[in-house]
Amino acid sequence: MNNAFLKDTLSSLSSTPKTLSSRYFYDAIGDGIFQEIMQMKEYYLPACELEIIKNKTKDISEEIESEKIDVIELGAGDGTKAVYFLKALMDVGKEITYIPLDISDNVLKINKEHISSQLPGLKIEPIAGDYFETMKALKERNNPKLILFMGSNIGNFKDEKAVDFLKLVKSYMTAGDALLVGADLKKNPKTILAAYNDQAGITKRFNLNLLTRMNRELGANFVVKNFDHYAFYDPASGTTYSYIVSLEKQDVNIADKTFHFEKNECIHTEVSQKYSIADLEKLSSDVGFKKFTPFLDNKGWFCLGLMA
Ligand SMILES: C[S@@+](CC[C@H](N)C(=O)[O-])C[C@H]1O[C@@H](n2cnc3c(N)ncnc32)[C@H](O)[C@@H]1O
């Protein structure tokens with residue numbers, strides 16, 4: 001049994017209101033559904049980020065002096081976008097080692113296979129595990145580092161938690177290193193909401209997969225059809241919230257505990273924070289970086305922000 005998953009689940013479902021940690025979305029099934037999300041027409045984020053990578057990686061690389069760099073990607077996922085970034089760096093003559101970090105062993109295998117098939121000469125050294133732990137390995141690396149935190153992953157940390165997370169990342173950086181953060185920008189609220197509430201119900205499957213995962217890995221007895229997905233975007237704070245809604249009054253057993261759900265009770269599963277460029281500049285300076293350089297797509301929907 002996955003003890004950390006059990007411990008976190010029992011504690012987060014005992015809180016008021018109930019929550020579940022978004023880090024547990026990514027089992028092999030969740031990885032697959034997230035790959036479907038990245039293909040959804042409503043989920044504009046990957047296309048915007050890829051456009052920036054394709055058009056601006058050369059400009060980004062000019063900000064990094066060293067020819068030899070370790071490219072470390074936090075929460076790397078399947079590498080579909082990173083491969084374009086890495087190729088563009090190699091094309092401008094950078095000598096790189098790619099170190100993808102992800103909690104999902106499964107997605108790291110997909111990542112390595114995909115990237116090594118596209119870039120056969122590239123050194124790839126994946127590290128599986130929770131990046132709060134695996135990041136410690138960065139201290140031992142001697143080459144200048146470019147740390148990637150793409151895919152709007154930063155949006156999963158709200159307010160001070162984002163500052164604290166980036167401060168932790170910065171504590172593993174030395175002079176000459178840089179951090180590239182992919183952040184989703186504030187825009188028409190309907191465009192944002194649709195990305196988390198697609199018509200085909202793929203995001204719903206992704207969110208409810210947490211329940212299926214608890215049934216399989218923790219021996220829980222959620223009746224998945226008795227739950228629904230709910231997302232909303234608050235334009236005032238720029239935050240998207242995702243919930244699992246209990247459609248009935250019901251009890252669910254996990255290990256030797258029973259959890260009671262009222263009809264329409266919501267379990268909070270994820271936030272996705274949206275930023276303005278000014279918000280990102282402030283984030284960068286609150287973390288203690290001296291320089292912030294934004295790179296945007298043509299629509300101005302997404303930003304790769306270089307912090308150094
Ligand atoms: C939203 S996906 C983004 C993937 C990729 N960066 C991209 O831009 O396509 C988030 C990734 O972060 C990983 N992840 C989530 N929480 C993590 C943690 N605590 N430690 C390491 N990886 C984590 C997930 O497994 C998943 O692959």
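User: What makes the ligand lie between domain 1 and domain 2?

Analyst: In this predicted model, residues of domain 1 (3–42 + 207–273) and residues of domain 2 (45–187 + 277–307) both belong to the shell around the ligand, so the ligand lies between the two domains.

User: Which residues of the shell are closest to the ligand, and how many surround it?

Analyst: The ligand is surrounded by 17 residues, and the closest are Y26, G75, G77, I103 and G151. By class, the shell holds eight nonpolar, five polar and four charged residues.

User: How many residues bring domain 1 and domain 2 into contact?

Analyst: On the side of domain 1 there are 13 residues, in contact with twelve residues of domain 2. Helix α2 (28–39) and strand β11 each supply at least two residues of that side of domain 1. The residues of this side divide into four nonpolar, six polar and three charged. The centres of the two domains, taken over C-alpha atoms, are 27 Å apart.

User: What makes β1 and β2 paired strands?

Analyst: Pairing requires at least two bridges between two strands. Seven bridges join β1 (residues 68–74) to β2 (residues 95–102), so the two strands pair.

User: Which residues touch the most other members of the largest nonpolar core?

Analyst: The largest nonpolar core has 53 residues, and those touching the most other members are V71, L86, I147, L148, L179 and L180. Leaving out residues up to four places away in sequence, L179 touches I147, F149, V169, M173 and M307. A second, separate core consists of 21 residues, among them F25, F34, L208 and F222. In soluble globular proteins, nonpolar side chains tend to be buried together.

Methods: Residues numbered from 1 in each chain as written. Predicted model: local features only at pLDDT ≥ 70, side-chain atom pairs only at ≥ 80, totals over all residues. Near = placed C-beta within 6 Å. Nonpolar A, V, L, I, M, F, W, Y, C, P; charged D, E, K, R; others polar. Domains from an automatic or database assignment. Core = buried A, V, L, I, M, F, W, Y, C linked by C-beta atoms within 7 Å. Buried ≥ 20, exposed ≤ 12 C-beta atoms within 10 Å, placed from the backbone. Contact = placed C-beta atoms within 7 Å. Helix = DSSP H or I, 4+ residues; strand = E, 2+ residues; numbered from the N terminus.
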